[in-house]
Amino acid sequence: MASSVNPTVRRRRLGQELRRLRELKGMTAEEVAERLLVSQSKISRLENGRRSISQRDVRDLCGVYEVEDQRIVDSLMQMAKDSRQQGWWHAFGDIPYSVYIGLETDAESLRTYEPQIITGLLQTRPYAEALIQGALPETSVADVEKRVQVRIRRQERISADHNPLRLWVVLDEACLRRTVGSKQVMREQLEHVAEMSQLPHITVQVLPFDVGAHPGINGQYSILEFADTADSSVVYIEGVTSDLYLEKAPDVQKYTVMYEHLRAQALNVEQSRQRIQDVAKEYAR
C-alpha cells in the first residue's frame, strides 16, 4: 500500500538540505564527487531531488561535510528512508511524469497556462481518453486506460473537502476550439470546465485569439507553490521525452511575471465563463 509520505517532496527537501551543507562546507559538487568516487551528475541529481537517496548516500555525504551533530544526521537518514517509500501513483506502474505528480500532490497552489488543450485537472474521462489516444497513437488500450485512471486520481486534489489545491488556469481560446473526440465530448468538457470554475478555489480565464502575440506564446508551463516555506516554488514545463523543472528564484520570478501578464490580457472570470459556455453551445448544434 502506498504511504501517505510523499517521496518526491521528501527527496526534494533532503536534496536542498544536502546542497546547503555542501555550500556551508565551501565545496563544489565536483569536489564532493571526487571524494566519494562517484560522478558529478550523481551529486547534482541527489541535490535536485530527481534521484532516490539511500541512507548510505546520506551517511557518506555527512562524513564528507563533517556533520558532527548526530541529530542532524539521524534526521537526514530518516528523510532518506521516507523518500524511498512509494506514493499512490506507483501503484499504476511506470508513469513518465511521476516527479510532477509527486509535486502536484503536495502543492498548495498551481498556476498553469495551456495553449492547446484543457488542463488535466479539469478534463472529463471521455476527453482524456480521446486526447491520450490522439497524442499517443501507438499506445495500447491498457496503457491509455492507465493514464486516464492516473489523471482522474490526480483530480482528487481539487475535489478534496479539506485543503483542496488552489488552481488558476489560463486557457488559450484554441483549447476551446480544438475538437478532441467529438462535438458531444467537447460540449460536455466545456460545460464541466464552466461548472468547476464556479468553485471558490478554482479560477479559469480564457485568452482570446484577438490578443495576438503574448508572453505565453512559447508554450505550456505551470508554477507550483507549497505551504511549507522550506519548499521553493517550481516551474514545470512538459516535454515529449523529458520534462523541465526550474527552481532557481530568478527563473521562477520570470515565469511568474509572464503569468501575471497572461492573466491581465485574458478575459476576466465572468467573461471567460461566458465564452466557455457560448462555445459549448456551438458544439451542441
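Trainee: Is the crossing of H11 past H13 left-handed or right-handed?
Mentor: This is a predicted model, where local features need pLDDT of at least 70, side-chain atom pairs count only at 80 or more, and totals for chains, interfaces and linings use all residues. Residues are numbered from 1 along each chain as its sequence is written, and side-chain values use heavy atoms, without hydrogens or water. H11 passes H13 in a crossing that is left-handed.

Trainee: How is H11 oriented relative to H13?
Mentor: Helix H11 (183-196) and helix H13 (269-283) have axes 8 Å apart and pack at about 160 degrees. Helices here are DSSP runs (H or I, at least four residues). Angles over 145 degrees count as roughly antiparallel, so H11 and H13 are roughly antiparallel.

Trainee: Which residues of H13 make the contact with H11?
Mentor: Contact means heavy atoms within 4.5 Å. H11 brings Lys183, Met186, Arg187, Leu190, Glu191, Val193 and Ala194. By class, the contact of H11 with H13 has eight nonpolar, one polar and four charged residues. The H13 side is Arg273, Ile276, Gln277, Val279, Ala280 and Tyr283.

Trainee: How is H2 oriented relative to H4?
Mentor: H2 (29-36) and H4 (55-64) pack at about 110 degrees, with axes 11 Å apart. That falls in the band from 65 to 115 degrees, so H2 and H4 are roughly perpendicular.

Trainee: How many charged residues are in the contact of H2 with H4?
Mentor: The crossing of H2 and H4 is right-handed. Val32, Arg35 and Leu36 in H2 meet Asp60, Leu61 and Val64 in H4. By class there are four nonpolar, no polar, and the charged count is two.

Trainee: Which residues lie nearest the centre of the largest pocket?
Mentor: A pocket is an open set of points on a 1 Å grid where a 1.4 Å probe fits, with protein on both sides within 12 Å along at least five of seven lines; lining residues have an atom within 4 Å of a point. The largest pocket has 32 lining residues. These split into 15 nonpolar, 10 polar and seven charged. Nearest the centre are Ile117, Arg151, Tyr236, Glu238 and Gly239.

Trainee: How many charged residues line the second largest pocket?
Mentor: Its lining holds 12 residues, with Arg19, Glu47, Asn48, Glu247 and Lys248 closest to its centre. Asp, Glu, Lys and Arg count as charged. The lining of the second largest pocket has two nonpolar and four polar residues, and its charged count is six.

Technical notes:
Axes fitted to C-alpha atoms, helices over the stretch in contact; angles between N-to-C directions. Helix = DSSP H or I, 4+ residues; strand = E, 2+ residues; numbered from the N terminus. Parallel < 35°, antiparallel > 145°, perpendicular 65-115°, else oblique. Left-handed = near helix turned anticlockwise from the far one by under 90°.
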